[in-house]
Amino acid sequence: MSTNRGTTHRTIILGGGMSGLLAAWHLQRRGLEIEVWEASPAVGGWAQTLSWPGPQGEPGFLERGPQSLRVGRGSALARLLRELNLELRPSSPKGPRWLGKEGRRHPSPATIIGLLQAPGIGPGDWARMLVEPFIPTGNGADETLHAFFARRLGTGFARELLPALVAGVLAAPPERISAGALPRLRCLEAMGGLLIGGLRAGPEHDRLPLGGTGALARALATAVGCVRTRRPALALEPLPGGRWRIHGDSLISDTDAVVLALPSPVVSELLGTMAPVAAQALEAIPRLDLRVWHSRHAMVKGWERGIGLLIHPPEGRGLLGAVSFASDDPRGVPGLIQVRTYVGGAFPVDPPLEAWPGVFGELQRWLPELSDPVQVREEPCPAAFPLMEPGHDARVAGLLTEFPPNLHWVGADRFGPGIPNLAEGIEGWARTLAL
Ligand SMILES: Cc1cc2nc3c(=O)[nH]c(=O)nc-3n(C[C@H](O)[C@H](O)[C@H](O)COP(=O)(O)OP(=O)(O)OC[C@H]3O[C@@H](n4cnc5c(N)ncnc54)[C@H](O)[C@@H]3O)c2cc1C
């Protein structure tokens with residue numbers, strides 16, 4: 001066993017997913033000597049682009065996690081992408097987008113036409129939505145996403161359209177999620193409301209490096225330089241003077257500070273009896289299992305620019321929606337449409353949808369144009385998402401006060417589930433850290 005008695009002001013970051021890499025990027029810029037420990041053989045965590053060759057062995061890829069990233073003007077993610085100097089391309093489907101409801105497809109309510117034709121929405125609801133700029137800002141109380149949207153856009157929108165929009169992004173019903181899970185909402189509200197604030201903040205664009213999210217994670221790891229893969233942290237030990245000892249597989253390393261950039265159950269286990277209150281609070285954050293199916297089919301005429309489908313739950317019987325690559329996406333295989341189908345999350349799944357034939361049967365109910373697949377692959381995402389229930393912010397604030405000195409915690413459970421949330425949150429955290 002090798003032992004490395006650390007140098008001064010050295011920080012070890014545990015976890016080489018986007019959170020750990022972002023923390024490393026910002027702390028290094030603040031002059032700290034850092035090292036990242038990643039348990040698996042590759043960096044990126046969920047943000048990995050995996051090889052999935054086509055039927056004839058052609059190069060092809062799938063995304064383990066995000067298939068596209070929302071980049072807002074002047075956002076932390078926009079700054080990061082600019083500084084990494086990566087070549088970006090549009091990453092979301094530009095072809096038809098639908099809402100599946102009442103057993104059939106409707107145009108996506110994210111467009112004006114779609115909103116006017118949306119099922120269950122009438123002139124009273126449109127009038128209610130139009131007064132949104134005049135609705136006062138909330139009183140700061142913790143509220144659910146359902147309550148937030150009912151307050152701002154009316155109960156018709158919240159009841160008829162919101163469930164599918166939220167299920168497709170956060171894989172849970174809006175009644176179970178705190179509005180704080182989407183930090184941009186509160187920013188827009190503070191800027192004059194969803195409409196006026198949205199106009200002021202400017203549009204968000206879906207962008208990704210040519211090589212997918214994996215290329216972003218690798219570029220960050222290369223820029224940071226000191227990322228060690230196949231290096232799991234197994235235990236933490238406090239040392240005199242506020243220093244820490246990390247026990248790895250066959251390695252012990254001492255350091256001035258530790259950043260835990262790990263999913264909450266792992267952080268909870270590492271904290272264990274050292275900080276039992278924080279460990280229990282972390283353990284209590286629910287996490288959602290998502291099942292993701294990737295399939296390749298003959299291209300459908302009119303779908304070359306990619307499609308998107310969101311299903312009003314529970315009409316999909318557990319199937320939440322599907323999205324495809326555009327045909328010119330370098331991750332796909334020429335001539336085939338690559339579809340990714342989401343199942344589960346916080347929603348019950350009908351037993352037939354536990355396996356591909358049931359999933360495909362349900363998918364074809366909404367997308368009958370889709371022919372039998374030429375390739376299928378399941379990528380389960382166990383405990384992928386934190387469920388940020390009402391009370392989540394208070395739980396996080398409380399558990400942070402229980403953290404021992406020189407031990408830090410960053411990640412989706414703290415800053416929000418999306419990579420833009422992580423970029424924003426970790427940039428702010430690193431800026432205010434007392435060093
Ligand atoms: C299917 C899916 C779709 C998604 N879609 C989007 C999207 O469209 N847009 C978006 O913005 N976000 C999306 N996300 C969310 C986003 O991918 C995640 O929030 C983000 O990648 C989480 O990064 P992280 O570093 O916090 O955690 P993780 O990615 O979980 O990384 C944690 C890392 O820690 C490592 N690790 C674990 N235990 C140890 C240990 N003991 N020692 C050392 N290392 C350890 C793991 O191997 C892992 O690499 C999606 C996620 C999934 C699963």
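This is a predicted model: local features need pLDDT of at least 70, side-chain atom pairs count only at pLDDT 80 or more; totals for chains, interfaces and linings use all residues.
**Entry 1: Gly-168.** I started with Gly-168, which lies in helix α7. Helices (H or I, at least four residues) and strands (E, at least two) are DSSP runs, numbered from the N terminus. Residues are numbered from 1 along each chain as its sequence is written, and side-chain values use heavy atoms, with hydrogens and water left out.

My cut-offs are under 20% for buried, over 50% for exposed, and partly exposed in between (1.4 Å probe, protein chains only).

**Entry 2: helix α5.** I moved on to α5 (residues 145-153), where Leu-145, Phe-148, Phe-149, Ala-150, Arg-152 and Leu-153 are buried. A reminder for reading such a list: an α-helix has 3.6 residues a turn, so residues three or four places apart point the same way. The cover over these buried residues includes α4 (123-130), α6 (155-160), α7 (162-170), α8 (183-190) and α9 (194-201). Just after α5, Gly-154 takes a positive phi of about 100 degrees.

**Entry 3: the domains.** I then looked up the division of the chain: domain 1 (2-46 + 210-285 + 388-432), domain 2 (49-93 + 287-386) and domain 3 (110-202). These bounds come from an automatic or database domain assignment.

How far apart do the C-alpha centres of domain 2 and domain 3 lie? They are 25 Å apart. Contact (heavy atoms within 4.5 Å) links 13 residues of domain 2 with 16 residues of domain 3. The area buried between the two is about 1,000 Å², and carbon and sulfur atoms give 68% of that. Of the area that domain 2 buries against domain 3, Arg-73, Leu-310 and His-312 supply 42%, more than any other three residues. Buried area here is the accessible area (1.4 Å probe) that two parts lose on being put together, summed over both.

I found three residue pairs in polar contact between domain 2 and domain 3, both residues at pLDDT 80 or more. A polar contact is a pair of N or O atoms within 3.5 Å; within protein, one must be able to donate a hydrogen and the other to accept it, and residues adjacent in sequence count only if both atoms are side-chain atoms.

**Entry 4: the cores.** A nonpolar core is a set of buried Ala, Val, Leu, Ile, Met, Phe, Trp, Tyr and Cys residues joined through side-chain atoms within 4.5 Å. The largest has 42 residues, and Ile-13, Met-18, Leu-27 and Trp-429 have the most contacts inside it. Elements giving two or more residues to this core include α1 (18-29), β3 (33-37) and α16 (419-432). α1 gives the most, with seven residues. Domain 1 and domain 2 both give residues to this core, so it lies between them. A second, separate core has 37 residues, including Ile-121, Leu-145, Ala-181 and Ala-201.

**Entry 5: two polar side chains.** Gln-375 is in strand β20 (residues 375-386) and counts as buried at 14% relative accessibility. A polar atom of its side chain lies 2.9 Å from the backbone oxygen of Pro-53. Arg-231 sits in the loop between β11 (227-228) and β12 (233-238) and is partly exposed at 24%. Its side chain makes a polar contact of 3.1 Å with the side chain of Glu-35.

Entry 6: Most residues other than glycine have a negative phi, and most peptide bonds are trans. A cis peptide bond joins Pro-313 and Pro-314, with omega about 5 degrees. Pro-314 lies in the loop between β17 and β18 (319-324), and Arg-317 lies in the loop between β17 and β18 as well. Arg-317 is not a glycine, yet its phi is positive, about 60 degrees. Ala-383, in strand β20, has a positive phi of about 50 degrees and is partly exposed at 32%.
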